[in-house]
Structures are given as structure tokens and as C-alpha cells.
Amino acid sequence: MIIQSTRVYLEELWVSAQLEIEDGKIITIWPYNTKEVDKDYGDHRILPGFIDTHCHGAFAFDTNDADEEGLVRWLKQIPQEGVTSLCPTTITQSEEVLTKALQKVAEVAEKKPDGAQIVGIHLEGPYLCTLYKGAQPEKYIIMPDIEQFKRYYDASKGLLKIMTMAVENDKNYTFIKEVKKMGVSINIGHSAATYAESLFALANGANGFTHTFNGMSPFNHREPNLAGAAMQIRDGYSEIITDGIHVSWPVVNLLFRTKGKDHVVMITDALQAKGVGEGRYVFGGQEIDIKANGGAYLANSNSLAGSTLRFNQSLKNVIELAGVEEVSAINACTINPAKVLHIEHVKGRLRSGYDADIVVLDRDYEVLETYVLGQSVYQK
């Protein structure tokens, strides 16, 4: 199969080109109109498929549910947002609940259902800080336990690729170093870490920051804290929720300016309510309200608890409302998350030899078609 457009995102440039696809891979990239094509998208944009590394659920499914039908439904429907790969994300709960959730995700991933691919699991908690717990249930928050974590890793059959933790509770860095050896990227989040604690955690193996500015010790001009570390330490990957609710547009712009084009990762932090609508839901055993602005809040409060953000809308927001340079915005939802997951050699770019994970966007960032491993899984 060959598809083409006058606007294909190659090597951080818009190029008139053709993509030749075979057996799920991009095998050759040709100049525009070199060969007869199966589909010509005109001037619509062809980009690498989006990768969401922090998303709890959607379409009435939550990762902690350990429900195969709900997970399969999520994977099938999420390509309508241009998402081709994702990491189902847990919320702090009992070991029994988390183990079942990890086992179910691993089981479904092995079956390779239609739609987006599961490329990892993100374990958010339970090794967090109660002061910045957000929507994480406090009764299940515990100190880092490497033996328990190994049980979680085994339950995931090695699919556990990211974990969020409060690094200040790992005083001698033994937990961080052991987890890194297992190939898991450690994000600092739901944490009261100081700037110094954050810096030394990264120096000892941590990888980045979970939903930057949310669930962390805030920036202050005398003590930069964790938020300051996320901005200052350029090599740490900073997640950002770009719904305009969790972080204001000027601050989104500031983060991209301080981090550059290679170390920001756009996430949705989406909940089961995405694609369902306003109302009251249960998340991590706690009631949450989805309000008219699309934000998720702990019931009867103004404490944020996730989002219902659509990924293609997130990209539009960053470029048009936050004023971020296009290359930085696109990298934040393609190659940068691929690097966090250590799959940047097969995903996150349109290159020969890479997986044919592709999204086609119109001028208003609406998804026209999504391909996963060369197969059309969504068409408007």
C-alpha cells in the first residue's frame, strides 16, 4: 500500500512524500507522485501516530477494573483521536486490585485486539506522598517496597514500563536503582520532593516528572522544589496535561521553552468518563465529578482528579492556545513518549523500517484516518 500527501512530517519538516507500507512497516519513503498510490490525502497532514503514556481509561472503562471487554472497547475507539499506542495507567489501590489489573492488561495485550496497541503499563502509585496525593486514595499509599514492586512487574509479564513515585521516600536510592535495572522509567510525582531531592533522584536513575505542576511541591523563587526541578533539569522528561484546566496556557508555553523540543511528553490523564459525559463516577474507589468544562474533580470539591481530554484536541491546544512551536508540540506526542518507553527505534517517527502507525489530520486537527501497523483502524 502507498499513501501520500503534500504535507508529511519527516525529520521535523513538512515534506511532499509517499509512504510505502508492507507487513505493518514503512518500507520506503518516496518523493511525492513517484509511484501510483492507493490513497492521496491532498494537503491533509500525515504524522506519526500519537502515544499516550498516562491514561487511566475512557468509554466507561478504568484500568483498575480489570475488565477485558472494557479494555478492548477502549483500544478500538481511541484511534478516533489519532492515538495508536497507549499505556493503561493504574491508580493507587490494594495489592489485590492492582495485581488483577496488571494481569488483565497483560492478558489482553497478548491477544492483540483491533485498535491501538498496548505498549506498556504505567503504575501510578502506591509509593506516593500523602501531602500531594490528589485523587490517590490515602489509605493505600505506602513506602517503597521493592519486593512488592517485583510482584507487580511479574504480574504484568514485563509490560510495566513506567511508574510514578515520591522519590523523597527512597532515602538511599536502592528502590530507584533496582527498578531502573528492570527497564522501567521512573517518574517523580505525587511528591513533596525538594529541588535537591529531585536532582539526586534523577542522578540515581529516575527518568522524569508526572503531570508537571500537578501533584507536586510547587515552584518558589527561594526553593524551586519539584516543579522547579522539572523546568530546570532539561534531560528529565516532563509530562504535561494540556486541557487548559490543569495548567494555564502561559505556563504550558513556559515549560516547552525551558525544556526544549525533546523532553516534554503530552498526556491526557484521561478517566473512564472520557467519551461518556458529565456526571458522577468512581475512580480508585473515590467519587469524582465530571463538570461542564470537561475537568474531573473529587466529588463536591475543586480538587482535580484527571481529565476527559481528547488527544488531537491536546495537540491543537498546545499549538494554537499555548503558542508552542509546532515541532515541539508534535514531538511531545510522538517521538518523546516513544523514548520514555524505549521504543523510539520502531515508533514515534515516519521512517523506513518503523511501524506504520500513522494519523491523518485536517487543518482543524480533526482525525481523518488512523493506521496501526499499516491497518486502517479509524476513518472519519
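How do the residues of the lining of the largest pocket divide into nonpolar, polar and charged? They divide into 12 nonpolar, four polar and six charged, where Ala, Val, Leu, Ile, Met, Phe, Trp, Tyr, Cys and Pro count as nonpolar, Asp, Glu, Lys and Arg as charged, and the others, Gly among them, as polar. The model is a predicted one, in which local features need pLDDT of at least 70 and side-chain atom pairs count only at pLDDT 80 or more, whereas totals for chains, interfaces and linings use all residues. Residues are numbered from 1 along each chain as its sequence is written, and side-chain values use heavy atoms, with hydrogens and water left out.

The largest pocket holds about 390 Å³ of space, and among its 22 lining residues Ala 109, Lys 112, Pro 113, Gln 117 and Ile 118 lie nearest the centre. On a 1 Å grid over the protein atoms alone, a pocket is an open set of points with protein on both sides within 12 Å along at least five of seven lines, a cavity is a set where a 1.4 Å probe fits but cannot get out, and lining residues have an atom within 4 Å of a point. Grid points are joined across faces, edges and corners, and a volume is the space filled by probe spheres set on the points. Two or more lining residues of the largest pocket come from each of α2 (95–111), β10 (117–118) and β22 (375–379), and α2 gives the most, with four residues. Helices (H or I, at least four residues) and strands (E, at least two) are DSSP runs, numbered from the N terminus.

The second largest pocket has about 250 Å³ of space. Of the 22 residues that line this second pocket, Gly 134, Ala 135, His 190, His 211 and Leu 304 are the closest to its centre, and by class the lining has eight nonpolar, 11 polar and three charged residues. Three cavities of 30 Å³ or more are also present. The largest cavity, with a volume of about 50 Å³, has a lining that includes Pro 48, Gly 49, Ile 51, Asp 355 and Asp 357, and this lining divides into three nonpolar, four polar and four charged residues.

Five aromatic pairs occur in the structure; rings of Phe, Tyr and Trp (its six-membered ring) pair if their centres lie within 6.5 Å, with planes under 30 degrees apart counted as stacked, over 60 as edge-to-face and the rest as tilted. Phe 50 and Phe 311 form a stacked pair, 5.3 Å centre to centre with 25° between the planes, and this pair links strand β6 (residues 50–55) to helix α8 (residues 311–321), the two residues being 261 residues apart. Both Phe 50 and Phe 311 are buried, a term that means under 20% relative accessible area, with exposed over 50% and partly exposed in between (1.4 Å probe, protein chains only). Phe 149 and Phe 175 form an edge-to-face pair, 5.8 Å centre to centre with 75° between the planes, which links helix α3 (residues 146–155) to helix α4 (residues 174–181). Phe 149 counts as buried because its relative accessibility is 0%, and Phe 175 counts as buried because its relative accessibility is 4%. Ring pairs join Tyr 127, Phe 149 and Phe 175 into a cluster.
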